[in-house]
Structure formats: C-alpha cells, structure tokens
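Please walk through this structure from its overall fold to its aromatic residues.

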Amino acid sequence: MIDNSHYTQHKVQTIDLVKEWDLDPYRFSMLKYIERAGHKKYASYQSDMLKVAWYAIMAATEQKQIANDTIMLVTKLLMDEGN
C-alpha cells in the first residue's frame, strides 16, 4: 500500500487547491513539495525545498539546464557550508 500520509495532514488537500487554482505543472509541483517538506519518510526538508526551488526556476525560465545548474550550485554551497 502506498503511504501518502504526508499529503493528508492539512484541512485542505493539495489536489483540491490544484483544481481550484488551475495550477500549471510547475506551481503544482512547488505546492506539493512545500506541503510534504519535512513530513515524507526518507525525504529531508532540505531536499524537498531544493525541489521547490528547481520548479520555481523552471516556472520563471522554462530552461531545464538553468534550473539544474542553479540547484547544483546551491547544493554545492550548502555542502561547503557544512564542512
């Protein structure tokens, strides 16, 4: 059975907002990862928020390479900060 409890913790479900707000795929994905950040088993808050950032960059630029490069740079900076 699929565990989707990380999407059912709030009074309003993400899918209902997607339908009501008629969200494009980028904004849908941003909302999905914001909702589950820190709640999904085996997915860290930081990794989910980096996914939000990736989708935000894609929404702004529609350039996958720019989004990938930006997230890689941020990830490297975070790793360097941790050392």
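Among contacts in the protein between residues at least 6 apart in sequence, what percentage join residues at least 24 apart? The share is 37%, where a contact means heavy atoms within 4.5 Å. This is a predicted model, in which local features need pLDDT of at least 70, side-chain atom pairs count only at pLDDT 80 or more, and totals for chains, interfaces and linings use all residues. Residues are numbered from 1 along each chain as its sequence is written, and side-chain values use heavy atoms, with hydrogens and water left out.

The protein has four helices and zero strands, in the order α-α-α-α; helices (H or I, at least four residues) and strands (E, at least two) are DSSP runs, numbered from the N terminus. Of its 83 residues, 24% are buried. Buried means under 20% relative accessible area, exposed over 50%, and partly exposed in between (1.4 Å probe, protein chains only).

Two aromatic pairs are present; rings of Phe, Tyr and Trp (its six-membered ring) pair if their centres lie within 6.5 Å, with planes under 30 degrees apart counted as stacked, over 60 as edge-to-face and the rest as tilted. Tyr33 and Tyr55 are stacked, at 6.0 Å centre to centre and 15° between the planes. Because Tyr33 lies in helix 2 (residues 25-36) and Tyr55 in helix 3, this pair ties together parts 22 residues apart in sequence. Trp54 and Tyr55 pair edge-to-face, at 4.9 Å and 85°. Tyr33 is buried at 11% relative accessible area, as is Trp54 at 17%, whereas Tyr55 is partly exposed at 21%. Tyr33, Trp54 and Tyr55 form one aromatic cluster.
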